[in-house]
Amino acid sequence: MDPERNAGQGERLGDLGLRDSLRYELEDEIRQAIEAELREVLDQELRERVVARLRAELVEELQARIARVRAELETEILARAEPAPPPREFERFSWNFRTQHWVLLVSCLTLIVTGLPLKFHEARLSQFFFDLVGGVGTSTLIHRIGAVGLMAVGGYHLFYLVAFREGRRNFLKLLPVPQDILDFFQMVRYFLGWTEEKPRFGRFSYVEKFDYWAVYWGMVIMIGSGLILWFLETSLQFLPKFAADIAREAHSDEGLLATLAIIIWHFYNVHLNPEHFPMNRTFLTGRISEEEMRHHHPLEYEELMAARAFRPPAPARLPATEQLAADPSLPPPGKPAS
Amino acid sequence: MQWNSVPSRKLWREAEAARTRSTLGWEGGQGKLAGAGVSSGIAWMCAGLIGLALVLLFTGKALALTKCLICHGKSTLSRMLTSGRAQSLFVDEKQLKQSVHAARACTDCHSDITAIPHKAEIMRVSCVRCHFKGNPVGAPQTDIYVEYAKSVHGVAAASGDTKAPVCQDCHGNHNIRAPKDAASQMNKAHIPETCGRCHLAVFSDYRESVHWQAFASGKKDSAVCTDCHGEHTIQSHESPESSTYLSRVPETCSRCHASVAVVGKYGIKTEQVATYGRSFHGIAIKFGGKTVANCASCHGVHDIRPSNDPKSAVYVDNIPKTCGKCHTGANVNYAKGRIHVDPTKKDAGLVYWVSLFFKWLTISVMVGLSAHIGMDLFRRFRRRGSAG
């Protein structure tokens with residue numbers, strides 16, 4: 001039997017008391033081997049001296065190795081008692097999700113910039129804008145390019161919700177639940193200082209859910225009315241003129257509401273609040289720090305941590321065996337000295 | 001206008017060069033008489049001349065008019081133009097006596113006539129001889145001819161278009177009167193006829209319009225030609241400077257139709273201008289749209305009629321056709337709903353309710369969201385304050 005492996009395995013079982021008995025066993029084995037080899041060559045005295053010398057060296061080396069392995073095992077055992085150290089960042093939004101957000105962002109900004117001057121046509125800034133882009137014809141064209149972007153991302157998002165596992169999972173977590181209402185009231189109590197306990201959010205807080213579902217409302221109104229106005233002559237084949245007037249009114253008013261919601265509400269909650277001012281980088285990198293995760297999404301954080309704790313430790317994280325194997329001062333494992 | 005031939009113009013210019021503006025009136029004639037008396041004693045002659053001059057000054061005009069009327073007082077006096085038309089050369093003394101130029105002599109205006117009978121072609125009268133700023137003869141002080149020179153009429157006249165009107169074509173010649181004089185052909189009541197002498201087709205359209213009908217029925221605020229087109233500054237509707245240029249039509253109409261003081265007293269709504277301004281048509285035209293409707297696109301130009309007139313372009317049955325001028329395939333749906341819709345007014349129907357809904361939705365949502373933000377900030381700063 002290979003002495004090193006024996007020693008290693010013995011120690012890995014955590015039974016450090018085996019050390020001595022193992023050593024004697026090894027010593028016997030080594031002595032027998034050496035004696036068998038040298039019986040014919042050397043006389044008794046010389047044999048005794050060689051064996052004694054070898055035994056001394058072996059003991060020394062074994063003791064050092066055992067100490068090392070024990071130290072490693074101790075740290076490993078300690079580490080296993082506690083959860084694995086978490087990574088410093090989590091991925092919150094995938095590349096797919098972030099790309100959708102980018103298209104939505106660029107489309108919305110384009111639509112706002114080219115749309116508001118029409119609503120506030122009496123403002124001086126509107127005159128400046130139209131002079132800048134070269135008239136209402138150009139701005140109309142830009143507005144329609146933005147509209148195509150908005151419709152594309154809206155359509156793709158519905159596909160994403162169905163076709164991607166990630167989309168389905170996110171969607172389920174975005175569905176409003178009664179707890180959101182309780183969270184809201186808890187948040188208000190916290191804001192007003194009536195309680196020190198913040199509501200504990202999962203992956204999406206009620207604020208984020210509100211933002212998400214507000215976009216559905218906005219998309220339905222804006223795309224619906226926008227298409228009527230874009231293809232006015234076709235629409236009026238089927239709709240009375242006052243329907244087009246309603247579409248225009250709704251388009252104009254909802255456009256303003258959406259703009260205000262984005263600029264005041266969404267920007268404040270994501271970027272402009274004192275914690276993240278001036279910008280939260282998550283929409284760029286998709287990553288969120290552990291601290292923020294723990295702070296803003298404690299339930300999701302705990303869920304993730306629990307999942308990690310139950311996961312068996314990866315072999316790569318236990319270097320003891322490999323290190324032993326790679327040690328050049330010892331014969332390779334599985335090849336007993338013969 | 002055929003009398004204004006090129007050779008006679010040259011003659012007129014020569015005659016003009018020979019005279020200065022200060023030698024108006026009968027002093028020219030007096031000069032001839034003075035020349036005959038130089039050979040006598042100078043002092044007596046001078047005194048005699050002054051006396052004669054004074055006598056001639058007060059009697060000469062009457063004499064001259066009488067002289068001229070020997071021929072021109074005959075109502076049958078006429079001549080044949082090269083075009084074959086007969087031109088009456090009759091001057092109605094009564095008419096002349098009632099004009100603003102009653103005190104002027106014939107040759108004050110017809111300054112190229114120096115002898116009777118006059119042989120050369122008689123020049124067209126140039127009003128600018130007296131009507132300029134700083135004139136010493138008591139004519140109204142005005143530089144309006146400068147504006148006229150830039151107008152479509154002035155430019156055409158300067159380029160040699162003999163059909164283009166000059167001052168007297170509109171203001172009148174022997175019958176010239178102040179515009180506020182009801183008998184003046186520049187009086188508001190007569191302007192359509194005056195312009196219509198050349199713009200005949202437009203005049204016949206205009207006679208049918210609500211503007212003329214209203215004017216004729218005594219609503220003196222109603223628009224005649226000059227109210228929309230301007231007077232001396234008149235431009236072609238294709239010129240961007242024109243008050244009838246496509247993007248300036250709303251502004252021109254709004255001068256009356258946005259004013260409660262003007263149209264309000266006749267029960268005409270003034271908000272039509274504002275609702276147009278808020279419509280996509282109005283916004284687009286303001287910011288350089290060249291293919292959107294202005295007032296005239298729908299209501300018509302000279303033949304604007306009230307919307308309850310079945311001949312009106314905006315009569316409910318005619319709306320598909322009117323909208324169809326631009327919107328291909330326009331049908332009866334275009335007439336379903338108000339055209340000048342004001343979403344803030346209850347009579348806008350469903351549009352009003354949608355507008356109201358969004359108004360309160362926006363207010364309540366933004367108040368709610370702002371309150372949430374406010375409470376968040378309150379908490380954050382309070383915590384920071386208590387920690388520090």
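**Ground rules.** I'm working with a predicted model, where local features need pLDDT of at least 70, side-chain atom pairs count only at pLDDT 80 or more, and totals for chains, interfaces and linings use all residues. Residues are numbered from 1 along each chain as its sequence is written, while chains are lettered from A and ligands numbered from 1 in the order in which they are written.

**Chain A.** Chain A has 338 residues, and 19% of them count as buried. Buried means 20 or more other C-beta atoms within 10 Å of the residue's own, exposed means 12 or fewer, and partly exposed is in between, with C-beta atoms placed from the backbone. I also checked contacts (C-beta atoms, placed from the backbone, within 7 Å). Of those in chain A with a separation of 6 or more, 69% join residues 24 or more positions apart.

**A against B.** Here I found 33 residues of chain A in contact with 36 of chain B. On the chain A side, the elements giving two or more residues are H6 (136-163), H8 (178-191), H10 (232-238) and H11 (241-272). H11(A) gives the most, with 15 residues. I sorted that side by type: 21 nonpolar (Ala, Val, Leu, Ile, Met, Phe, Trp, Tyr, Cys, Pro), six charged (Asp, Glu, Lys, Arg) and six polar (the others, Gly among them).

**B:Thr66.** This residue sits in helix H3 (residues 42-72) of chain B. B:Thr66 counts as exposed because it has 12 C-beta neighbours inside 10 Å. Its C-alpha atom is 64 Å from that of B:Asp317, which is 251 residues away along the chain.

Definitions and conventions: Two residues are in contact if their C-beta atoms, placed from the backbone, lie within 7 Å. Helices (H or I, at least four residues) and strands (E, at least two) are DSSP runs, numbered from the N terminus.
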